[in-house]
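Try each task by yourself, then read the solution step by step.

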Amino acid sequence: MADLTGANGQRENFRVVGKPNIPGLTSYAMATGIAKFGSDFNVPGMLFAKMLRSPYSHSRVLSIDTAAALAIPGVVDVVLWNDPIFKEIGSGPLSGKKSSYLPNEAHCEGAEVGAVVIAESEGLCDEALQALIVEWEQLPFIVDLKKGLDPDFPTIRGPEWDESDTYGPTSVTSEGHTWMATHYPEDPRKVGNVSWTTKIEGDLEAGWAEADFILEYDVNLHDVVSLLPNPQASVAWWTDNMYKPGKTLRIEGAVGRRGMIANMYKVPDDNVIQEGLFQGGKYCDWGLRMAQEITPLLSKRVGGRPVRCCNTREENFDMCVNERHAHIKLGVTKDGLITAVEDNSLLDHGAPNSSEMTVYDRDWNGYYSLKCENIVQKYTVVDSNRGFMHTCGQFVPYSWDMVTVGIAVLAEKLNKDPTDLARLNIHGPDSQKDTRPVPSFEACLEEGKRLMNWNWHKAGTKRLPDGRLHGASFRYQMCPRHAFMKYFCKLEYRGGVVHFPTQGPIAGWFGTECFTMIAAEELGLNFEDICVDYDYRAEHTDEAGGSDGVTGHGWIVKECANLLKKKILESAVKEAQIEVMRFGPMEMPKPPSPLKGYTADELDIMDGKVFVKADPSVFVPFSQATSETISADYGGNSPKSAWATTFGRRFDTMNTSWCEVAVDDETGEVEILKYMVVADPGKVIRRTSLESQIDQVVFFSQGCQLLEEYIMDPETGVKLNGNMVDYRKPTTLDVPVVDKEILELRSGDGAYGASGIAHNLANSHLIITAIHNATGVWVDPPATPDRMLKALGKC
Amino acid sequence: MRPFNHINATTLNQASDALKKSGAVAAAGGGDLFPALKDNIFPEYPKTVINIKSIPDLDYIKVDGDTLRIGALATLADIARSPLVQANAPILAQAAGRASSPSLRETTTIGGNVCQLPRCWYFRKLNNRFNCARKGGERCFALTGDNRYHSIFGGTVFETAPGVKRTCVAVNQGDLAPVLMVLIAKFVTTERVIGNMDFFGVGVLNSTVLNCGEILTEIQIPLSEYAQRSRYKRFTFRKSIDYPVLNLAIAVNKDKSQYHICIGGVAPVPYIAGNAEALLKGREITPELAEQAGIAAAEGAKPYEANAYKVQLIKTLVKRELLAL
């Protein structure tokens, strides 16, 4: 649905929105090191805290002798899991905890467990941790999912993690689709470590009957880390405040709005001060780590002294996307039309309280982009001790590559260009029954083919002049925009200047800049005319969620700006009628306003002037439009999002991604020769933000497919490569610059027809598919030289 | 990182004496030691760190007669950009210029590089999680664990205590080691001069034959025809930062009567590909001979399933580098 109904929805000319090189408001601070992140705060009298972490993949702390640790000079306290203080903390945002806040059972190696030490320095914390005499009970663990399938293997989760409550009725969207279901009432009950759940749509038997042949293939996804670039850390302390009853909590470094922290510590929002703006960049990942939550509790424990807790780099290596092994059967006609889909997947459930949304998603996947409506998704989910998955959305784009690979396999079998097969199978704009072309898809496809000089060849048939094998691949996806949250915006005209108060916090996507551009556009101002007031007490927050949230939130800002504009013009008209200025008891004649006699409807704002539409030479400077202070508030939901309510059964904005690789079949090295994104985000708000979101998400995808994987010791379940040397995030030398072609068909349902961009360019198999096209073999990601040589039969 | 005492040594004697005391370790550039301290990988946390970089006049690079002499404290960056090294041992300059990352090359030293401890992830795991044989423990965890980066030429048996023998399959992944081997370098210490074939070793918390308190002071490279006809190849999964999964140095004398081939990352010490050297002796390189030499270089390998790819890499890289020689 195009954005045509709201204020200025049909705007054709943009002066600010879409303009390149609008600087980030906080870029200077971040580039120069002025910006302070959680780990940067140093407060006089500050203490340090560190958690005991499990050296075993599944363990229980039976007892801890703290005497030796407490005897170390400078060690202030050791707080054990059974201390009543942990009852004082509520659930963190997006991390509902079912057991004690600090448990005595660890469900993966490196998990916080049993004790926290508080000392005068981090070094002393380390020393104290080493001095603790811990009696551990090692428990059975699962890091190999296939081992977890063994019905005789001991159950690794206790009864407190019973899932019986999740077998109830599922959520249904306003469009009538079930979503976010972990289980359906018909699913068999969990046995031991294994759950089963099946989502059935259409008539699979009818789909098989329509098919001329059945195509089977496997798609294996490994678990990866998103890796937050800044160490998770917070520092907190409690103070008396003469203006407020009760204690005031000052906390820096916690992700999220202060309301979340207030909620955790059961204090009024007004009693929480969180002035630090910077959280550090992240790719989704909405889970707070204990280091970001626990410091207020520990500060209270030591009488209000500031306490800092900071994760190390290694401690940041918790899981992001879980392991999945999909075996997929497609029913296909001889022309290549898919008639039935059966997905049998084995998935990792992760450590207890991992994001169920991440594990059980069967909504946002490529299957619903097909005309085929006969789709069955059968999940076998195994509890494991591989790691903890925080709430994040990377699983969404990943699921789409079940179709990316399917189309590539089909292309190879039928000797047909995969872009033609995609075009044959993709449904129309309005439903899976709609056979019309999708304009955004067609535009992205054609432009991509043109820019790539697309000339598909069968797998393993092309060598480059240097002897390496050449391969190419493509994928399509819908651009995302979530519309789950209510957004709020307040703008204020004060002293002739428009103020935009926001609490931040800043997590790397420059939402505030986008919102400011929208407000400036609607108010006829320039970007720099809007004064952004960073204030932790402001209601507005940048936490809209990447590009997909920004465009929805941007709608609210747009509406708010128009409300403010209307109020300013009304006030200007009212003030123009006034003939006398008053200053205390004095009165003096006021110079006549050029706007006198006009109505608000006859006026407009542009380029720093309030002017008469019929005669723009008649104006007053915007800064003198009115002496009043005027504010506008607007809150609520943005228009419904096709992506968030139909999961791809309706299409508005689309994108295509393209990859060309060279494979050295003697060394197994893969080089990405070209990586191109042709995307139609509907309307570009801030180009720099858009391009950097693409860069970031493609970087993530390239790393996952070429280098990154968790490696665990099979004997102990201990993570062997949780560090920057051995985990191997790519360097900038390892991946090429992403070529980007941006189309603006304005068919999104956010502000100005915009949609989001980021998530759905992430992928697990675009490069893998290109490698297959080069070599004729499928390699499971990451396609490191050792795996490549094995797949090629060279070792 | 836990607290420790820190001494800035001003003489080799002072440093050597201090290192003989229990719980003392040496730091030059710190590129190997400080991450190890941070990760608390040692069975006993060091009480004292002896900074030997404060010892004057040990960072020289000079030609003395027919020998290129490099002080042990010369940084990798200085070696990489030294005209003397570039002219007289070009593959050493290349290897030094590609090790680690640009910032670390400015601080880390040639002495530290050749003495570095293994990169084995069992050895390096936080908080001494695996007290392996290389730390004096009972066993090598890689023998039965994930050994994709470990030795394909078997483990080294060594004494962890008097009369107690254990095996380690961690590899020597130093960038400079294979180069110094093919350039027939000599290693000068506070106690002796050690030949290239005898310097690297396997011991408890030791990758060389250096004794307790013995300090490497200089590396001597003879100015020979080998240096002028040589190749260095570094194979990594990433283009920067990574330690080499496998690295290879080849040098040949003018009349091709003798080839030197040394491979890192495949054995506990730099691996001399003797079979390939013998095959090539006195012969001109042809594509067929290069391929045969690659195969010969990998002869004797007994890889695990997870690291069998290294055999293929040896075959390919030896072949290619010989052809490029």
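The exercises below concern a predicted model, and each comes with a worked solution.

**Exercise 1. The domains of chain A**

Task: Find which stretches make up domain 1, domain 2 and domain 3 of chain A, and work out how many residues of domain 1 are in contact with domain 2.

Solution: 
- Start with the assignment. Domain 1 of chain A is given as 27-35 + 484-636, domain 2 as 38-139 + 228-316, and domain 3 as 324-386 + 393-482 + 642-791.
- Next, take the centres over C-alpha atoms: those of domain 1 and domain 2 of chain A are separated by 41 Å.
- Then look at the contact. On the domain 1 side, 11 residues of chain A meet 11 residues of domain 2.
- Finally, sort the domain 1 side of this contact by class: 6 residues are nonpolar, 4 polar and 1 charged.

**Exercise 2. Where the chains meet**

Task: Find which helix of chain A gives the most residues to the side that touches chain B.

Solution: 
- Begin with the totals: 30 residues of chain A are in contact with 24 residues of chain B.
- Now look for the helices. On the side of chain A that touches chain B, α3 (122-131) and α18 (785-791) each supply at least two residues.
- Of the elements there, α18(A) contributes the most, namely 4 residues.
- To finish, divide this side of chain A by class, which gives 12 nonpolar, 6 polar and 12 charged residues.

**Exercise 3. A hairpin and a sheet**

Task: Describe how β22 and β23 of chain A pair, then give the strand order of the open sheet of 5 strands in chain B.

Solution: 
- In chain A, strands β22 (residues 580-583) and β23 (residues 586-589) run antiparallel and are joined by 4 bridges.
- One facing pair is V580(A) with P589(A) of β23(A).
- The hairpin has 2 residues between the strands, and G584(A) takes a positive phi near 65° there.
- Moving to chain B, read off the order β4-β5-β12-β8-β9, with antiparallel pairing.
- β4 (61-64) and β9 (193-195) of chain B are the edge strands, each pairing on one side only.
- On average, neighbouring strands of this sheet are turned by 25° against each other, with direction ignored.
- For a closer look at one pairing, take β8 (residues 186-189) and β12 (residues 216-222) of chain B, which 4 bridges join. Within it, V188(B) faces E218(B) of β12(B).

**Exercise 4. Buried, partly exposed or exposed?**

Task: Classify T155(A), Q138(A) and N21(A) by their C-beta neighbours.

Solution: 
- Recall the cut-offs: a residue is buried with 20 or more other C-beta atoms within 10 Å of its own, exposed with 12 or fewer, and partly exposed in between.
- T155(A) sits in the loop between α4 (145-148) and β7 (171-172) of chain A. Because T155(A) has 14 C-beta neighbours inside 10 Å, T155(A) counts as partly exposed.
- Q138(A) belongs to strand β6 (residues 133-138) of chain A. Q138(A) has 13 such neighbours inside 10 Å, so Q138(A) is partly exposed.
- N21(A) is found in the segment before α1 (27-32) of chain A. With 7 C-beta neighbours inside 10 Å, N21(A) is exposed.

**Exercise 5. Backbone exceptions**

Task: Find which residues a cis peptide bond joins in chain A, and what phi I241(B) has.

Solution: 
- The cis bond joins P781(A) and P782(A), with omega about 0°. P782(A) lies in the loop between α17 and α18 of chain A.
- I241(B) has a positive phi, near 75°, and its place is the loop between β13 (230-235) and β14 (246-252) of chain B.

Notes
Residues are numbered from 1 along each chain as its sequence is written. Chains are lettered from A and ligands numbered from 1 in the order in which they are written. This is a predicted model: local features need pLDDT of at least 70, side-chain atom pairs count only at pLDDT 80 or more; totals for chains, interfaces and linings use all residues. Two strands pair if DSSP finds at least two bridges between them. Two residues are in contact if their C-beta atoms, placed from the backbone, lie within 7 Å. Ala, Val, Leu, Ile, Met, Phe, Trp, Tyr, Cys and Pro count as nonpolar, Asp, Glu, Lys and Arg as charged, and the others, Gly among them, as polar. Domain bounds come from an automatic or database domain assignment. Axes are lines fitted to C-alpha atoms, for helices over the stretch in contact, and angles run from 0 to 180 degrees between N-to-C directions.
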